[in-house]
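Subject: Structure handover

Hello,

Here is the structure you asked to look at. Please open it first, then read the notes below it.

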Amino acid sequence: MGKILCVAEKPSIAKAVANHLAPAQAQDVRGLAWLKNYVFDYNFGRTWGASNVVFTSVAGHIKSTEFDQRYRSWNSCNPSQLFDAPIVNYVENDKKVIARNIEEQARSAQVLFIWTDCDREGEHIGTEIRDIALKINPRLEVKRAKFSNIERAHVISAAKNPVPLDEKQANAVAARIELDLRLGAAFTRMQTLALKPMIDRVQELKVISYGSCQFPTLGFVVDRYFRVKNFVPETFWYIKVTHKKEGISVNFNWKRGHLFDRMAVTVLFERCLMAKMAKVIKVQKKPTSKWKPLPLTTVELQKMGSRFLRMDSQRVMKIAEELYTKGWISYPRTETDQFDKGIDLKQIIEKQQQDGVWGPFAQGLMNGGFKQPRNGPHNDQAHPPIHPVNYVVGVQLNDEERRVYEFVVRRFLACCSEDAKGEATDIEISYGDEIFRTHGLIVLARNYLDVYPYDKWESSQQLPQFSVGETFVPTEAKMFDGETTAPGYLTEPELISLMDANGIGTDATMAEHIAKIKERTYVMTRLKGGGRNGGGDGNIEATSTGTRGARGGRGRGRGGRGGRGGGNSGSRQGGNRNGGVQEFIPTTLGVALIEGYDKVGFETSLSKPFLRKEMELQMKAICAGTTTRNDVVHQNLEKYREVFVRTTQQINVLKAVSLGQ
DNA sequence: GCAAGGTC
């Protein structure tokens, strides 16, 4: 029998796949408890037939990329030389054990079968494994498995249908690695060396870093800061009609919302008053529903953590990783918001039946309440949505772990239940030449809301009976004024959304970039709503008082789905929990960097997110074969070298802004 | 003393 060496990207995949293929004997690799070789026999059928298998894994990338030794010291060269200084690829000390295991196993194998994640980084990790193995054993046949989840049938099918490694995807990643290193190091050294003497008053300041992700992240914060700072409130006017019927006071909102022209509103208002009678022109009752949430992705978990679990994104990820390592939840880094058809969701629900709090709800799902989860638009082809794997009783977890676990479970159960159902009533009246309307909601069946307290959808006050054609003299009609209010500073969920939408970082790294711009003192955070240290400095978010304040023209209790974050008008509890959200304010240094680069005036300001987007497109082009790694690297290096030269020439501009000019 | 991407 021939020997097949299988290598996954991480131990959990090796374990799961090996167990699907055959009962395996697990051997620790050189005393590491977390790295194992699974040894078993398996028949690969037409491809390789009956074989001895060793199924092992790496732990992410094995090799590091660095400048040649001569260029590593900051004084060794002019930072501009980093654009073409030689680069070396090597195995870091802490990865040597992993590399050696691959070598040892590859020596006696006929086939190297790669099981890294089926994404670009996975493809690149695959080539790292291949290079190490081929160096020891050049006669190896190299294949990879194509799989998008670790369900048994899917894995078995992948095992029997190996495909070639995709060199193009690996090359796209190699281009990214080289560009991030060269540009990051060159700009970081240049900036730091040029600016540090200027701002020495900040003693602990060490490095003024540049990175293709951290700078756009900072850019978002600064951008919002200026929108807040430069905001000029505008006065608007509107008409509100109130009518009391059957002892219920109903507010009718103006269909036009509000106008910025006082005279116009006055004229329209007087026409209403002259008309005296209002007439009901529409009464519509219709069934409505609030959709259950989508299956949970990493980005969504981080946003919800900031909103409801009182943890920043980095903390949420740390906790989620621990829950994953202990086997309570699935892999926490995923972009997928659709469950694969093959996955046995009921078996997951079943395990939650024993819980004292949400157990009864899970039982309800088992007893006929189950509904297939919605499918979101994302699928990373590597991991399922985050879901509970095993039941753990709350007392076994610490407080933070319990909050995250509970959220993951509730979210999952909500996904598997029915949308909330209600009845919406829309009433419109004409009054003068104007139309006013009100909206009512009766929640008929809460369904998923019973297990998912993070969403709010509540019945509005009962509306009295109105019928079309009915006329009345409104109890009250008044003209009000209000002022547009400034946006708030950027919150963490908003920042994550922006990064996600602009392709800044990945699900696994977004929290790190946010932490980095804090660590570099480019930004400060504080509790939104003027928390502890929210002292004297400007309460920018104008508060609405009395008759002032924007009313966006929405009826009460509307509760649109997918409610955007921030100022959620209707929900009392949601509002309270929002008190835990951090807001981001750039420091003088942070503002200076972004402003400085904007002022130096390239069309390609380093703070702008589209540079990273361009890079993403170029990587896709490499994958598609329409360009090559070499072309992308060289084109970008030339482009950024120009930026680099112009920045060093105009470094005084950057210095001036940093000094607060 | 620099980046971003994997993962333990």
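Which atom of DNA strand B is 3.1 Å from an N or O atom in the side chain of Arg520? A phosphate oxygen is. This is a polar contact, a pair of N or O atoms within 3.5 Å.

The model is predicted, so local features need pLDDT of at least 70 and side-chain atom pairs pLDDT 80 or more, while totals for chains, interfaces and linings use all residues. Residues are numbered from 1 along each chain as its sequence is written, chains are lettered from A and ligands numbered from 1 in written order, and side-chain values use heavy atoms, leaving out hydrogens and water.

The DNA

A polar side-chain atom of Glu9 lies 2.9 Å from a sugar or linking oxygen of DNA strand B.

DNA strand B is surrounded by 43 residues, counting a residue as near if one of its heavy atoms lies within 4 Å. Among the closest are Lys95, Arg189 and Tyr331. Helix α5 (167-195) gives the largest share of this surface, nine residues; helices (H or I, at least four residues) and strands (E, at least two) are DSSP runs, numbered from the N terminus.

Strand β1

β1 pairs (at least two DSSP bridges) in the parallel sense with β4 (residues 50-57) over seven bridges. There, Leu5 has Val54 as its bridge partner.

Regards

How values were computed:
A polar contact is a pair of N or O atoms within 3.5 Å; within protein, one must be able to donate a hydrogen and the other to accept it, and residues adjacent in sequence count only if both atoms are side-chain atoms.
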